[in-house]
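Subject: Structure handover

Hello,

Here is the structure I said I would pass on. Please open it beside this email while you read.

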Amino acid sequence: MSKSLGNQVFPQDVIKQSGADILRLWVASTDYTDDQRIGPEILKSNVEAYRKLRNTFRYLLGALADWQDYERVGQRDMPELERYILHKLAELHEGVLRSYSDYDFKRVYSALLHFMNTDLSAFYFDIRKDSLYCDPFTALRRRACRTVMDQLFHCLTTWFAPILCFTTEEVWLTRFGGEASSVHLMAFASPPAEWRDDALAQKWEKLRTVRRVITGALEIERQEKKAIGSSLEAAPIVYVTDPALHAALDGVDLAEISITSAAQLRTEEGPADAFRLDEVTGVAVVSEPARGRKCARSWKITADVGADPEFPDITRRDA
């Protein structure tokens, strides 16, 4: 920036237009060992990142609005997906603490942003929204999900508090109001060591690899053939010849993690015109439309709709 050129970016102008946390986010995302760059486009990217972070916090607040402690489920009793997210949280904690200790705020910001966007919004929340909305209130899967979300809330608000000090305070007080309450009076949340499960994490990384191929196939179907809109309108056939990937899929509800109404897993080589990703060998996907009727509650397409005569437009579970 040069005073003679008149191209300065004044902090008070950024705060007035976008809020102080946007400026703080820019500071945290810069590499202070090098020259700093700031301008409308850079600030725009920070605003977009902030919007995604804020939406994730809002989703957590909505999902936990009526949370009661008696719903809590122990880690050992949770489904694998929940235990995998707890592992990711424990793994993230080590990196966050180390980066704060090294004054490496950019690494803290990058790690938390990636986790919230990639592991939560685009993966865990996407899969579990069906359980949150449609499972019975007392269902173990739903209770386990909300238990994990409670842990996520405490970790993410306290870890982000030094950077997004105003936003995290707003989020904290929305859930835990009161004059004596503040996220800045809390220590960093510290996940217990027993949450780490490297073997489980390796299995779920393989599952996510297969899921990427399925998601890619459905996206092509949406864009080119227009045979499906929502992924719930599909019932893909998944061909997996890689032994390690196939072993990881044993006992897993492929339709659940793919967010489809049904899914078939086969061990033979897929047809020549099946969808594949160059970086994922041994996996091919053929998109097929789901058969049956659309459930008015879960939006899944299945032959089970109307199984309960008292509720002709929904599945037995939703009835």
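Below are notes on a sheet, a helix and a pocket.

This is a predicted model, in which local features need pLDDT of at least 70, side-chain atom pairs count only at pLDDT 80 or more, and totals for chains, interfaces and linings use all residues. Residues are numbered from 1 along each chain as its sequence is written, and side-chain values use heavy atoms, with hydrogens and water left out.

The sheet

Helices (H or I, at least four residues) and strands (E, at least two) are DSSP runs, numbered from the N terminus. Two strands count as paired if DSSP finds at least two bridges between them. Four strands make up an open sheet: 4 strands in the order β2-β1-β4-β3, with mixed pairing. At its edges lie β2 (264–266) and β3 (275–277), each of which pairs on one side only.

Strand β1 (residues 237–240) runs antiparallel to β4 (residues 280–286), and 4 bridges join them. V238 has V285 of β4 as its bridge partner, and Y239 stands opposite A284 in β4. β4 also pairs with β3 in the antiparallel sense, over 2 bridges; there, L277 stands opposite V280 of β4. β3 and β4 form a hairpin, with 2 residues between them.

Buried means under 20% relative accessible area, exposed over 50%, and partly exposed in between (1.4 Å probe, protein chains only). By that rule β4 is mostly covered, with 5 of its 7 residues buried.

The helix

Helix α2 (residues 20–29) is largely enclosed by the rest of the structure, because 7 of its 10 residues are buried. The buried residues of α2 are D21, I22, L23, L25, W26, A28 and S29. Their cover includes α1 (11–18), α3 (40–63), α5 (105–134) and α7 (165–175), where contact means heavy atoms within 4.5 Å.

The pocket

A pocket is an open set of points on a 1 Å grid over the protein atoms alone, where a 1.4 Å probe fits, with protein on both sides within 12 Å along at least five of seven lines; lining residues have an atom within 4 Å of a point. The largest pocket has a volume of about 350 Å³, a volume being the space filled by probe spheres set on the points. It is lined by 22 residues, of which D130, L232, I259, S298 and K300 are the closest to its centre. α5 supplies the largest share of this lining, 8 residues.

Regards
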